[in-house]
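Dear colleague,

Please find below the structure that I am handing over to you. My notes on its contents follow directly after it.

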Amino acid sequence: MQWELLYHKRSPSPPPLPVPATFSGHRGEFIRLVAKGAALELITAGFYRFWLVTDIRRHLWSNTLIDGDAAEYTGRGKELLIGFLFALAILVPIYLAYFLITIEAERLKGFASIPLLIAFYAFGQFAIYRARRYRLTRTVWRGVRLWMDGSGWAYAWRAMLWGVLVVLTLGLALPWREAALERYKMGHSYYGDLQGSFEGSGWEFFKRGWWLWLLTPVALYVMIGAPFVYAAFKAVEWRWWLSGIRFGGVRLESTMRRGALIGLYWKMVGWVLLLAVLLLAYLALSAALVARMRGMPFGDFFATQAYLWSVPLLVLAGIGYLAFVLATNVVMRVYLMRDLWVKVLSTVSVHGIEAAADVLAKGDLASALGEGFADGLDVAGF
């Protein structure tokens with residue numbers, strides 16, 4: 001027996017199984033959150049959106065479970081508002097200078113627009129990098145913060161040079177652009193003392209989605225096909241991006257199918273069309289009501305263009321338009337934020353999670369200036 005114990009060869013232990021990512025939140029709770037936020041946006045002339053974005057992120061982060069532990073979002077709406085105001089203090093003088101130049105010398109208008117567009121594109125890329133840096137430093141998992149260093153301007157210059165190459169190649173260089181920029185971002189991303197990296201290649205992205213490049217001109221010409229092509233492209237991009245993420249020995253893997261997101265985008269299109277029809281019906285009823293109040297036949301009300309000077313009709317139309325915008329925002333946030341988040345998360349598994357067991361906390365908080373730039377330039381990512 002001693003001899004057998006001494007020379008007994010134990011079979012090698014199997015590698016740890018991947019850990020699936022799960023979502024525990026309820027759809028109804030999210031719908032109530034964004035509906036209430038839309039109403040408060042109306043009351044506050046849009047300024048509540050900073051707190052609404054914060055609440056949405058807290059809901060999604062706190063219901064995202066990896067190995068049984070939820071993430072935490074520690075950002076605040078006040079930070080986003082201050083960052084936005086600082087960004088406006090920089091962007092408004094640029095707009096004003098361009099406006100004054102075009103008034104002073106009309107013949108320079110076309111020339112002045114070129115450096116303005118270049119400046120805004122550079123600011124936009126800087127904003128994208130800094131906004132991601134802000135979101136990472138406000139994300140905590142198992143008590144350890146994610147963080148990011150690197151230069152937003154260095155990223156912007158890379159993005160601009162790659163953008164020129166994408167234009168010159170009619171979009172064929174886009175996969176290599178995305179891979180290069182993602183390597184820069186992930187190379188400067190950390191979970192505690194675990195440094196990130198990106199292993200996805202441009203060629204791999206191109207192989208998965210080259211046929212979408214061929215379909216894009218057709219989709220732009222036949223608009224009904226655009227949601228199919230765009231949804232398939234986003235599904236390919238999500239799978240490629242997630243499967244390339246690394247943090248030390250931890251890696252992600254996605255099994256998303258090409259057609260996984262088509263239903264979400266078509267539901268969004270369907271709701272927008274339905275809301276547009278309801279808006280048109282509301283405007284017609286409002287016009288009929290105002291015409292009747294003025295004692296005019298409905299046809300004469302439009303034939304004489306009396307509707308253009310009708311204050312009650314303008315007020316009713318403004319209310320209808322605001323309701324349409326708010327309802328559209330609610331639908332967009334439900335389908336293209338919450339439902340898309342859940343759909344993508346359901347395809348993700350985490351390999352080597354044990355490598356994150358003994359991570360040392362590091363990193364400092366980043367300012368919300370980049371997120372403010374992103375919001376001011378309308379390039380704000382989620």
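**Aromatic contacts and helices**

One aromatic cluster consists of Phe-198, Phe-205, Phe-233 and Trp-240. The model is predicted, so local features require pLDDT of at least 70 and side-chain atom pairs pLDDT 80 or more, while totals for chains, interfaces and linings use all residues. Residues are numbered from 1 along each chain as its sequence is written, and side-chain values use heavy atoms, without hydrogens and water.

Across the whole structure, 19 aromatic pairs were found (rings of Phe, Tyr and Trp, the last by its six-membered ring, with centres within 6.5 Å; planes under 30 degrees apart are stacked, over 60 edge-to-face, the rest tilted). Phe-126 and Trp-153 are stacked, at 4.4 Å centre to centre and 20 degrees between the planes. Phe-126 belongs to helix H5 (residues 109–137) and Trp-153 to helix H6 (residues 152–168), 27 residues apart; helices are DSSP runs of H or I with at least four residues, numbered from the N terminus. Phe-126 is buried, at 6% relative accessible area, whereas Trp-153 is partly exposed, at 40% (buried is under 20%, exposed over 50%, partly exposed in between, with a 1.4 Å probe and protein chains only).

A tilted pair is formed by Trp-176 and Phe-206, with 5.5 Å between centres and 40 degrees between planes. Trp-176 lies in helix H7 and Phe-206 in helix H8 (residues 202–221), so this pair ties together parts 30 residues apart in sequence. Trp-176 is partly exposed at 32% relative accessibility, and Phe-206 is partly exposed at 21%.

With kind regards

Technical notes. Helix = DSSP H or I, 4+ residues; strand = E, 2+ residues; numbered from the N terminus.
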